[in-house]
There are 2 protein chains.
Amino acid sequence: MKIIIVGATGTIGKHVTSALEKEHEVIKAGSKSGDLQVDISSPESIERFFEQVGSFDALVNTSGNGHFGPLGTMKDADFRIGINSKLMGQINLVLTGQHYINPKGSFTLTAGILTEDPIVLGANLSAVGGALEAFAKAAAIELDNNVRINVISPGVVAESPHYFPFFPGHIPVTMDRVTQAYLKSVLGAQTGQVYKVF
Amino acid sequence: MKIIIVGATGTIGKHVTSALEKEHEVIKAGSKSGDLQVDISSPESIERFFEQVGSFDALVNTSGNGHFGPLGTMKDADFRIGINSKLMGQINLVLTGQHYINPKGSFTLTAGILTEDPIVLGANLSAVGGALEAFAKAAAIELDNNVRINVISPGVVAESPHYFPFFPGHIPVTMDRVTQAYLKSVLGAQTGQVYKVF
């Protein structure tokens with residue numbers, strides 16, 4: 001399979017890349033690194049990206065930013081950080097990518113535990129995650145040619161201890177479990193699912 | 001209580017208004033009608049709206065647009081209709097309104113059944129609903145002064161038969177049940193809840 005991994009050099013992306021590139025052609029994409037660059041917050045950049053890549057069998061996105069800060073001082077512009085990057089970035093990878101993906105291909109997006117288990121400072125990421133999960137369920141019933149879509153929702157990962165203070169009482173999840181969820185989505189046959197790794 | 005109802009002349013809003021105005025001071029707001037006008041897709045309009053209203057005890061929003069159309073031809077600009085109106089409109093009513101609301105006040109937002117029970121053409125509204133539900137859960141743990149927030153998620157309502165063809169197999173819900181959910185949120189004491197009326 002020809003598999004695009006957007007965010008291939010990130011904390012999660014590098015593990016998913018490593019697991020898939022043994023047996024598949026992996027195109028590593030990132031905002032600054034990788035084989036090809038794409039700024040997912042820009043629909044035009046995404047359009048140019050797919051024109052370069054051409055047809056493909058699977059796209060995994062592990063990239064995207066959100067705003068992390070107190071609700072009490074949050075403004076529209078803060079909230080738009082997650083809307084424009086982690087949310088619309090991933091939505092636009094699907095809206096544009098659906099015109100390039102091969103039959104029986106798959107999209108695998110990334111949300112997170114904050115959708116259902118919120119923490120202080122995380123309202124923007126909660127909203128973004130909730131939108132992605134519902135979008136995947138809805139897109140799954142409309143994608144043509146048996147194209148699939150799933151969302152991975154990881155808890156705080158063991159390799160990111162700098163986040164632990166913001167997740168009191170959360171049990172960190174191993175990168176191996178997280179990676180397996182991406183493989184399940186790409187190499188399995190389910191669609192419209194949220195794979196919770198927490 | 002001083003209760004703001006944004007969308008007070010809409011299908012749902014007029015019933016909620018009618019139920020609450022018997023015993024409360026209700027400020028009816030709408031994009032074009034009502035006591036005061038507010039364009040929820042504009043953060044500046046929301047800011048000016050609260051400056052006019054001043055302090056209040058409860059805000060109910062039943063307004064907001066989304067894009068309804070096929071995923072196969074959906075573009076970033078289509079998707080932004082729901083993002084800018086039904087999603088960021090309601091988020092900004094909370095982000096700005098939190099600085100005007102009285103202690104123990106409440107915000108009641110509106111999502112919908114499509115968050116978890118998608119239909120063809122509804123991907124934008126599914127995503128917007130998912131974001132609102134997760135946002136309410138997250139905001140509930142950060143709002144100060146015992147201010148509450150809940151989301152109502154109605155099914156297709158019996159008073160909107162023109163929507164029925166798009167909701168095959170859905171059982172329409174009565175406006176009375178939907179109205180009661182809003183009353184439960186405004187007059188009750190729970191927070192961070194999604195009241196599903198379907």
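Biologist: In chain B, how many bridges join β5(B) to strand β6?

Modeller: Keep in mind that we are looking at a predicted model. Strand β6 of chain B covers residues 148–154, and β5(B) runs parallel to it. One facing pair to look for is B:Phe107, which stands opposite B:Ile149 in β6(B). The number of bridges joining β5(B) to β6 is five.

Biologist: Which residue in β5(B) is the bridge partner of B:Phe56?

Modeller: Let's look at strand β4 of chain B, residues 56–61, which runs parallel to β5(B) and is joined to it by four bridges. In β5(B), the partner of B:Phe56 is B:Ile101.

Biologist: How many of the 10 residues of strand β5 of chain B are buried?

Modeller: Buried here means under 20% relative accessible area. Strand β5 of chain B, residues 101–110, is mostly covered. Its count of buried residues is seven.

Biologist: Now to chain A: which are the edge strands?

Modeller: The open sheet has seven strands with parallel pairing, in the order β3-β2-β1-β4-β5-β6-β7 (chain A). An edge strand pairs on one side only, and in chain A these are β3 (36–37) and β7 (193–197).

Biologist: What rotation superposes chain A on chain B?

Modeller: The superposition has 0.0 Å of shift along the axis and an RMSD of 0.0 Å. The two copies are thus related as by a two-fold rotation axis. They meet through the same surface, because 100% of the interface residues of chain A are also interface residues in chain B. The rotation is 180°.

Conventions
Residues are numbered from 1 along each chain as its sequence is written. Chains are lettered from A and ligands numbered from 1 in the order in which they are written. This is a predicted model: local features need pLDDT of at least 70, side-chain atom pairs count only at pLDDT 80 or more; totals for chains, interfaces and linings use all residues. Side-chain values use heavy atoms; hydrogens and water are left out. Two strands pair if DSSP finds at least two bridges between them. Helices (H or I, at least four residues) and strands (E, at least two) are DSSP runs, numbered from the N terminus. Copies are superposed by least squares on the C-alpha atoms of residues with pLDDT of at least 70 in both. Contact means heavy atoms within 4.5 Å. Buried means under 20% relative accessible area, exposed over 50%, partly exposed in between (1.4 Å probe, protein chains only).
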